[in-house]
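Hi everyone, thanks for coming. Have the sequence and the picture open while I talk, and we'll go through a few spots together.

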Amino acid sequence: MEKMPKWADVVLIPLISLLLAAGLSALVILAIGESPTEALNLMIEGALGSTYGWGYTLYYATNFLFTGLAVAVAYHAGLFNIGGEGQAMLGGLGVAYACLFIPWPHWTVALLFASVAAALFGAAWAAIPAYLQAKRGSHVVITTIMFNFIAAALLNYMLVNILKPEGGFDPATARFPDAVHLPSLHEILLPLGINFSKNAPANVSLLVALAACVLVWLLIWRTWLGYEIRSYGKSETGARYAGMSPVKITMIAMLISGALCGMMAINNVMGEAERLVLNATEGAGFIGIAVALMGRNHPFGVFLAAILFGFLYQGGAELALWTSIPRELIVVIQALVILFTGALDNMVRMPLEKIFIALRKEKA
Amino acid sequence: MDFLTLIQIFDSSVRLATPLLLACLAGLFSERAGIFDIGLEGKMLMAAFFSAAIAATTGNAWLGLLAGIGSSLVLAALHGVASITFRGNQLISGVAINFLAVGLTVLIAQDWFQQGGRTPSLLDGGRFSPIELPFAIGPTEAEAAGRPLSRLLAEAGPLQQAYSELISGHSVLVYLSLLAVPLTAWVLFGTRFGLRLRAVGENPAAVDTAGVSVVGLRFAAVGICGILCGIAGAYLSTALQAGFVKEMSAGRGFIALAALIFAKWRPWYALGACLLFGLFQALELRPDVLEAIFQTKIQGQLLGALPYIMTVVILAGFVGKAVPPKAGGEPYVKER
C-alpha cells in the first residue's frame with residue numbers, strides 16, 4: 001500500500017520544500033536589512049513585468065531546461081551526473097567549431113549541425129566517466145567532478161592558445177558569422193504582431209529545449225530503452241536478472257545526459273554571446289541539479305522548475321541592480337532548494353506520511 | 001636552476017599543501033565512517049570567511065580560527081542531519097552545502113564590510129605569522145645584519161638554506177597540519193574509537209549488533225571533519241593570504257577529495273598525495289622554473305588539471321585500485 005497519494009508526492013512535497021527555501025531566504029534578506037516583500041516585488045517586476053524581463057527569464061530557463069533534463073535522465077538510471085558544467089563547456093567548444101569553420105548557408109542548417117556538434121562534444125565528455133562507471137566501477141560522481149575541472153582547464157587552454165583570434169585581447173573566439181545568427185524571440189514574434197523586446201537574449205533554441213522536453217518524456221516513459229533505464233535505476237539486481245545490460249544502460253543514459261548538457265551551448269554560445277567566452281556556462285550545469293530535483297525528474301516538472309530558476313536568475317540580477325542585495329542571494333536560494341528537495345527530502349516526507357496514514361485510519 | 005630555487009619551490013609546495021592536507025584528513029574521517037563528503041570545499045570557504053571576518057574585527061587570529069571552526073561545524077552538523085538523521089542523499093547534501101557557502105559568504109561579507117564580498121585586509125595580529133625556528137635565518141637576522149634576507153640566504157650553506165626556507169618560517173597551522181597526520185593514523189588505527197569508526201564505514205550493521213551507536217559514531221566523524229575543514233579554511237584566509245575574497249577556496253576542497261582517493265583513504269598516503277598536488281600548484285606559479293627543467297614551455301593549464309587527471313586514472317584502476325569504504329554513501333537503516 002502506498003503511504004501517500006501520488007499528488008502529495010509530486011505536488012505537495014516540492015511545494016512545501018520550496019516554501020521552506022523561500023521562507024529561509026526571506027529571513028536572510030531580513031537579516032541583511034532589506035524588506036523581503038519589496039525584494040519579491042522587485043524580482044517579479046524585473047523578471048516578469050516586461051517582455052525584456054521575460055526575454056531574460058526565458059533565456060536562462062532555456063539553459064536550465066537542457067541541464068535539468070540531463071540530470072533527470074541520468075537520475076532515472078540511478079546515476080548522479082554532476083558534470084553538467086563540464087559537458088556544457090565542451091558543447092560550447094563544439095558549437096564554436098561548427099560555427100567558425102564552416103560557411104553555413106542559412107541559420108536553420110547551422111542550428112541543426114551546431115546542435116549535433118554540441119551534443120556530440122557533450123556526450124564525448126560524459127563518455128569517459130560513463131565508461132569508467134560501467135566497466136571499472138569508478139564512482140561517476142567523483143569522475144564527473146574531476147571532468148568539470150579538466151574541462152575548465154581544457155577550455156582555458158583552447159581559448160587562450162588556439163581559438164583566440166589574431167590580435168584578440170580577451171580569451172574568447174572571434175564573433176560567429178552573421179549567417180549563423182539565431183532569430184531572437186523578437187524576430188520570431190514580430191510577424192505574429194507581437195512586439196517582444198529587441199534586447200532580450202531569448203531565442204529560437206527555447207523551442208529546441210521544449211522539443212527536448214517532449215522527446216525526453218517519450219524516451220523515458222514510452223520506449224523500451226526508457227523502461228530499461230528506469231528499471232535499472234530502481235533496482236540494478238532486478239534489471240540484471242531481467243537480462244538487461246548494466247554497461248549498455250549506464251553508457252546510454254550518461255551519453256544522452258551529456259548530449260543534453262552540451263546542447264545548452266546552442267542557447268548561450270550560439271544564441272546569446274555569438275562567440276565562445278571563458279565563463280560561458282555561468283554555473284548552469286549545477287543549476288540543472290536543483291532544477292531536476294525540484295521537478296522530480298519529470299520533464300514537465302523540469303519545465304516548471306527551469307522557468308522558476310530563470311525567474312530567480314533574472315530577478316536576482318534586478319535585485320543586485322536596485323538594492324544592496326548581491327546576486328549571490330540566488331546561489332543561497334539555489335542551495336536551499338537543493339537542500340530541501342534533495343538532501344532533506346525525508347524531513348518533509350516523514351511527517352507528511354504520518355499525517356496521511358492517520359487520515360486514512362480515521363476514514364477506515 | 002640552483003639549489004635555493006628548488007628549496008623555495010618545496011617551501012611553497014608545503015604552504016599550498018597545508019589546506020589540502022587538512023581538508024583531505026577531514027574527508028578521511030568522514031568517508032572512513034561511511035559518510036561521503038563532497039562539501040569539503042563549502043566548509044572550507046565558510047570557515048575562511050568567518051575566520052577572516054572575526055580576525056579583522058577583533059584583531060586576533062586565534063579568535064578567528066575558533067569562529068572558522070564553529071562555522072564549519074554548523075555546516076558539518078547540517079550534513080550530518082541530512083545524511084544521518086534524515087538518511088538523505090549525501091552527495092546532494094554536499095552539493096547544497098557548497099552552494100550555501102558560496103552564496104552566504106558573499107552575502108554576509110557585503111552586509112558586514114561593504115567591500116564587494118571581501119573582508120578588510122588583515123593586519124599583523126589578525127594573521128598567523130611565520131614562526132622562526134632557532135638558528136634559522138629569518139627577517140630578524142637580516143635586520144640585525146642590516147642586509148636583505150635574500151642575500152643572506154644565498155650565501156648560506158645548503159643545509160642552512162633548507163632549514164631556514166623549508167623547515168622554518170611557516171605559520172603554526174602548517175606544523176599543526178603535519179602533526180595531524182600521525183595523530184589521524186593513531187586515532188584511526190590505534191584506538192578503539194578508530195576501529196569502530198572504520199567498522200561503521202564498512203559494516204554498520206555489525207557495529208550496531210555489538211551495541212555501539214552507529215549514529216553517534218557517524219556524527220563524531222562528521223564533527224571531526226568539520227573541525228579539520230574549519231582549520232583548513234582559517235589557514236587560507238588568515239595565514240596563506242591576509243583576508244577573505246569571494247570563492248577563495250578555488251576548488252581546493254575537490255583537490256583534497258582527489259588526494260583522498262589518490263591516497264586510498266590512508267593518512268600517510270594522504271600526506272604524500274597532498275604534497276604532490278601542492279607541488280603542482282607551486283610549479284603552476286613558477287612557469288620559469290618549469291621551462292628551465294624541461295627546456296620547453298609547459299602549459300599551466302595542464303599542471304592545474306593534473307591532480308584531476310591523475311585521480312581519474314587512479315579511479316579507473318589502471319594504477320593500483322582505489323577501493324572506497326564499503327558502506328560509503330549508504331544511510332544506515334536499523335532493522336526492526
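Let's begin with a question: is A:Arg296 buried, partly exposed or exposed? It is partly exposed, because its relative accessible area is 22%. For the cut-offs, buried means under 20% relative accessible area, exposed means over 50%, and partly exposed is in between, with a 1.4 Å probe and protein chains only.

Before I go on, some housekeeping. This is a predicted model, where local features need pLDDT of at least 70 and side-chain atom pairs count only at pLDDT 80 or more, while totals for chains, interfaces and linings use all residues. Residues are numbered from 1 along each chain as its sequence is written, chains are lettered from A and ligands numbered from 1 in the order in which they are written, and side-chain values use heavy atoms, with hydrogens and water left out.

Back to A:Arg296. You'll find it in the loop between α13 and α14 (299–322) of chain A. Those helix labels come from DSSP runs numbered from the N terminus: helices are H or I with at least four residues, and strands are E with at least two. A:Arg296 has a positive phi of about 55 degrees, although it isn't a glycine. Why mention that? Most residues other than glycine have a negative phi. A:Glu282 also has a positive phi, about 50 degrees, without being a glycine. That one sits in the loop between α12 (265–273) and α13 (284–294) of chain A, and counts as partly exposed at 45% relative accessibility.

Now, two serines. A:Ser197 is in the loop between α7 (185–189) and α8 (205–222) of chain A, and with 14% relative accessibility it counts as buried. Leaving out residues up to four places away in sequence, A:Ser197 touches A:Thr51, A:Tyr52 and A:His186, where contact means heavy atoms within 4.5 Å. Its side chain also reaches the backbone nitrogen of A:Asn199 at 3.3 Å. That's a polar contact: a pair of N or O atoms within 3.5 Å, where within protein one must be able to donate a hydrogen and the other to accept it, and residues adjacent in sequence count only if both atoms are side-chain atoms.

Over in chain B, B:Ser164 is in helix α7 (residues 158–167) and is buried, at 6%. A polar atom of the B:Ser164 side chain lies 2.9 Å from the backbone nitrogen of B:Ile137. Beyond its neighbours within four places in sequence, B:Ser164 is in contact with B:Ala136, B:Ile137 and B:Leu153.

Next, cysteines. How many disulfides does the structure hold over all chains? The count is 0, with a disulfide being a pair of cysteine sulfur atoms within 2.5 Å. For A:Cys213, the nearest cysteine sulfur, that of A:Cys261, is 14 Å away. A:Cys213 counts as buried, at 7% relative accessibility.

Last stop: what lines the largest cavity? Among the lining residues are B:Val14, B:Leu178 and B:Cys274; a lining residue has an atom within 4 Å of a cavity point, and a cavity is a set of points on a 1 Å grid over the protein atoms alone where a 1.4 Å probe fits but cannot get out. α1(B) gives the most to that lining, with 4 residues.

That's my tour, thanks!

Key:
On a 1 Å grid over the protein atoms alone, a cavity is a set of points where a 1.4 Å probe fits but cannot get out, and a pocket is an open set with protein on both sides within 12 Å along at least five of seven lines; lining residues have an atom within 4 Å of a point.
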